[in-house]
Amino acid sequence: MSKLTRDDLYSLEEYDRIRNDFRKEVMSHKQNRRLPIGPNATLYFEDRKIMQYQIQEMLRAERIFQAEGIQDELDTYNPMIPDGSNWKATFMIEFENADERRKQLARMVNIENTVWLQVEGFDRVTPFADEDLERATEDKTSSVHFLRFELDDDMIQALKNGASLSAGIDHDAYRHSVEPVPDNVRQSLLEDLG
């Protein structure tokens, strides 16, 4: 999946004109990129279209139109676009009540490293977590993490040939799995693979 360049972006004026339609398109697209794992954790798989939307929204909100500012946004969001052999996801731990969230995040230290994906017939794949910056301490984890799941050629071929995909979390404080991943999500994720 190719990275975004300035040529892929709309001007502020053009984006204002198409924003509502583009937003509807992206929100619909995101429905196939969301994978809840149990009641309080969700993987949001990122891709080029979603990152373009994020960049366009940032440029709009901040009224950025200078080349340097646009390049800064591209440099920030392009790393979240899959490279053809991986999936990249925002992992969110979600508790509505702030006190409960604080208590659970203290119990879930290192949870980001216990998330897994598994292609039928292969070992589980655990992620490279938070490569951009450290998001956890010894006392608590963050409610948001960025994960990269690397797949080998055999896994990719198996998926393209119809192998199922499963996902889960194996942390002492939170154990849940999705077996198999719903087909709409699996099909959307196949588009990320070269």
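Predicted model: local features only at pLDDT ≥ 70, side-chain atom pairs only at ≥ 80, totals over all residues.
**Exercise 1. In which loop is the place of Pro180?**

*Solution.* Pro180 belongs to the loop between strand 8 (174–178) and helix 6 (183–190). Helices (H or I, at least four residues) and strands (E, at least two) are DSSP runs, numbered from the N terminus.

Residues are numbered from 1 along each chain as its sequence is written, and side-chain values use heavy atoms, with hydrogens and water left out.

**Exercise 2. Describe how strand 2 pairs with strand 1 and strand 3.**

*Solution.* Two strands pair if DSSP finds at least two bridges between them.

1. Strand 1 (residues 34–36) is antiparallel to strand 2, with three bridges. In this pairing, Arg34 stands opposite Tyr44 of strand 2.
2. Strand 1 and strand 2 form a hairpin with four residues between them. Gly38, in the turn, has a positive phi of about 75°.
3. Strand 3 (residues 86–93) also runs antiparallel to strand 2, and five bridges join them. Here Phe45 faces Ala89 of strand 3 as its opposite residue.
4. Strand 2 (residues 41–45) is largely enclosed by the rest of the structure, because four of its five residues are buried. Buried means under 20% relative accessible area, exposed over 50%, and partly exposed in between (1.4 Å probe, protein chains only).

**Exercise 3. Locate Arg63 and Asn110, and state the phi and the exposure of each.**

*Solution.* Arg63 is in the loop between helix 2 (48–62) and helix 3 (67–77). Its phi is near 55°, a positive value in a residue other than glycine. Arg63 counts as exposed because its relative accessibility is 57%.

Asn110 lies in the loop between helix 4 (98–107) and strand 4 (115–119). Phi of Asn110 is near 80°, again a positive value in a residue other than glycine. With 38% relative accessibility, Asn110 counts as partly exposed.

**Exercise 4. Trace the aromatic pairs that involve Phe22.**

*Solution.* Rings of Phe, Tyr and Trp (its six-membered ring) pair if their centres lie within 6.5 Å; planes under 30 degrees apart count as stacked, over 60 as edge-to-face and the rest as tilted.

1. A search of the whole structure gives four aromatic pairs.
2. Tyr15 and Phe22 have ring centres 6.2 Å apart and planes at 80°, so this pair is edge-to-face. Tyr15 and Phe22 are buried.
3. Phe22 and Tyr53 form a tilted pair, 6.2 Å centre to centre, with 55° between the planes. This pair links distant parts of the chain: Phe22 is in helix 1 (residues 12–30) and Tyr53 in helix 2, 31 residues apart. Tyr53, like Phe22, is buried.
4. Ring pairs join Tyr10, Tyr15, Phe22 and Tyr53 into a cluster.

**Exercise 5. Which residues does Gln52 touch, not counting residues up to four places away in sequence?**

*Solution.* Gln52 is part of helix 2 and is buried, with a relative accessible area of 11%. Contact means heavy atoms within 4.5 Å. On that basis, and not counting residues up to four places away in sequence, Gln52 touches Leu4, Asp8, Leu9, Tyr10 and Phe22.
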